[in-house]
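Welcome! Take a moment to look over the sequence and the 3D view, and then we will walk through them together, beginning with a single residue and ending with the pair of chains.

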2 protein chains.
Amino acid sequence: MFELSQVRCFVAVAEELHFGRAAARLNMTQPPLSRQIQILERILSVKLLQRGNRLVRLTPAGQSFLTEARLILKLTESAALLARRVAEGKAGSVNIGFTAASSYSYVPELVAACRQQLPDVELILKEMVSGDQLKRLGAGEIDIGLLRPPIPRTGLQFFRVKAERMIAAVPAGHKLAGATTIDLRDLAAEPFITYAPYEARYFHDLLVELFSRAALAPVYVQHLAQIHSILAIVQAGVGVALVPEAAEKLQFRGVALRPLADDQQRAAELYFVWRDDNDNPLLPVIAAIARDLAGA
Amino acid sequence: MFELSQVRCFVAVAEELHFGRAAARLNMTQPPLSRQIQILERILSVKLLQRGNRLVRLTPAGQSFLTEARLILKLTESAALLARRVAEGKAGSVNIGFTAASSYSYVPELVAACRQQLPDVELILKEMVSGDQLKRLGAGEIDIGLLRPPIPRTGLQFFRVKAERMIAAVPAGHKLAGATTIDLRDLAAEPFITYAPYEARYFHDLLVELFSRAALAPVYVQHLAQIHSILAIVQAGVGVALVPEAAEKLQFRGVALRPLADDQQRAAELYFVWRDDNDNPLLPVIAAIARDLAGA
DNA sequence: CTATTTGATCCAAAATTGGTATCGGACCAT
DNA sequence: ATGGTCCGATACCAATTTTGGATCAAATAG
């Protein structure tokens, strides 16, 4: 197969249509240039140039190859440039796992900030529950996880990007919707819709802890994993629920969202997590963006 | 700049993730392979591979470069293949000049036949009058001309692809439209629309000859160059005209086309012309197609 | 702790590359 | 015609680069 140097030789000759001038442009002498072109022609088994004694012309095959050759050279340059940009953390792609709940409030801002500051970076977003994210992080299938505690210490680094309170969700016409805040005790007296203990373990456990600390035992009428499902059920009047603040972003009609009156609750946390041996140059860059966003 | 051999080395290592196996695949030993990769990395000033002592991994930059490298290699192969196909006359492009009149009857068939038999060939069609075609042929700006006589002998080759008679064009409601054929004498008695002596010299001269041989001197009411313009004027009732048979393809409404009764006329000829030193491998192929078409 | 595996390094031999000198054909002016 | 000039091809030589075998160093597995 031919070499890029030969391609460069050919393009020079094809553009100058003169071996001597082309050689000068390539900082070499004419004889080796002639040889390189001959070798290229032999490799392709195609005559690229018609040498008349006073002029050099492109054959049709040469014309076609010239077009392709220019493309190849452009591509090699851009490939080199891209690799360098990736190494500098200015381009490339990152696989990001995120929980369904984080897609309402944190992920959009993060994606927006990245697109603005790193326009050439491709963010590959994959929704999955926290447990799966930890597994995928370990396998190197995602670079970044946006997930809920607990986070094992084994080779992972992380920082908190969000801590949000749970707020009450009641049907719009419900008697509790009248007040600006809702007492946890009042809420617990209603039929209560809560999180599935496995698929949405973090919220499930959070609520269990919340109620048990307040010595309350609400009547659970439904277990669900997704926030929008819960809001839909609330809207239908089946019961009330506690959802993270981010639910406000959903603009769910027919559901009133009210903060709790006596708010001693532990916040629902979201963490930015990555393997400390992940060498993707984008990681520190995106981590910095994520941290800025969390701070603001 | 780097060389394609280095790209091939890198792709092999990136795919095997093992220098020894990659070297075997490349029919070389491991040490020069290691060195080539190092050189490539130094040229790009980017680390492409993460060498752990028991395993080789791609860095993100390497991942990006691998994608591009595969593309580059594909492109080089296809460029070589394409050049070979062009040299064989199976691909490439041809510049073809043609007269406006030929676009009604011969050019469409030729293009259709080429597209079918030479699907990878690009036909670049340029409408121009015969004189311009001869000029462009001389300058090498078109490979093929489809034009009217006379053709100078200087370095050109040609053969006839079409000989068509002139037929009468009269307004649909005209008294002459009733008969299946029209006598030249009757036609000459009407206001006669004919061809511009310069832009459409061939048809102009043809008609001058036709009428003078019949000892007729029609009254010319208009000079025009384009057949469709002439038909439009005929349709408007300004006069009658003689147009090549190909005009029937135009399906011009409001105009009746009738053959001449006493048809001793010299046919209007169209020639396929090329420079005998044109080395485009497609020329003989397309000439053969054109000849077949003319014979049929 | 040893055997094995893996990539890096060293070195001599071989191949490739680039340069100088020269050739051969064609065009040009005299 | 004829000598001069231009241009690409060829021959040959020197320098560099590449190659591959031997070896090394590090790390893992048993």
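**One residue and its surroundings**

A:Gln50 counts as partly exposed, because its relative accessibility is 24%, a value that lies between the 20% under which a residue is called buried and the 50% over which it is called exposed. Keep in mind that this is a predicted model.

**Where to find A:Gln50**

- In chain A, look for strand E1, which covers residues 49–51 and holds A:Gln50.
- A:Gln50 and A:Ser229 are 179 residues apart along the chain, and their C-alpha atoms are separated by 73 Å.

**What A:Gln50 touches**

- Apart from neighbours within four places in sequence, A:Gln50 is in contact with A:Leu55, A:Val56, A:Arg57 and A:Thr59, and also with B:Asp279.
- The side chains of A:Gln50 and B:Asp279 are joined by a polar contact of 3.4 Å.

**How chain A is divided**

- Domain 1 of chain A spans 4–87, and domain 3 spans 166–266.
- Domain 2 of chain A is written in two pieces, 93–159 and 270–289.
- Taken over C-alpha atoms, the centres of domain 1 of chain A and domain 3 of chain A are separated by 71 Å.

**How the two chains pair up**

Definitions and conventions
Residues numbered from 1 in each chain as written. Chains lettered and ligands numbered in written order. Predicted model: local features only at pLDDT ≥ 70, side-chain atom pairs only at ≥ 80, totals over all residues. Heavy atoms only, no water. Domains from an automatic or database assignment. Helix = DSSP H or I, 4+ residues; strand = E, 2+ residues; numbered from the N terminus. Buried < 20%, exposed > 50% of the residue type's maximum accessible area, 1.4 Å probe, protein only. Contact = heavy atoms within 4.5 Å. Polar contact = N/O pair within 3.5 Å; in protein donor to acceptor, adjacent residues only side chain to side chain.
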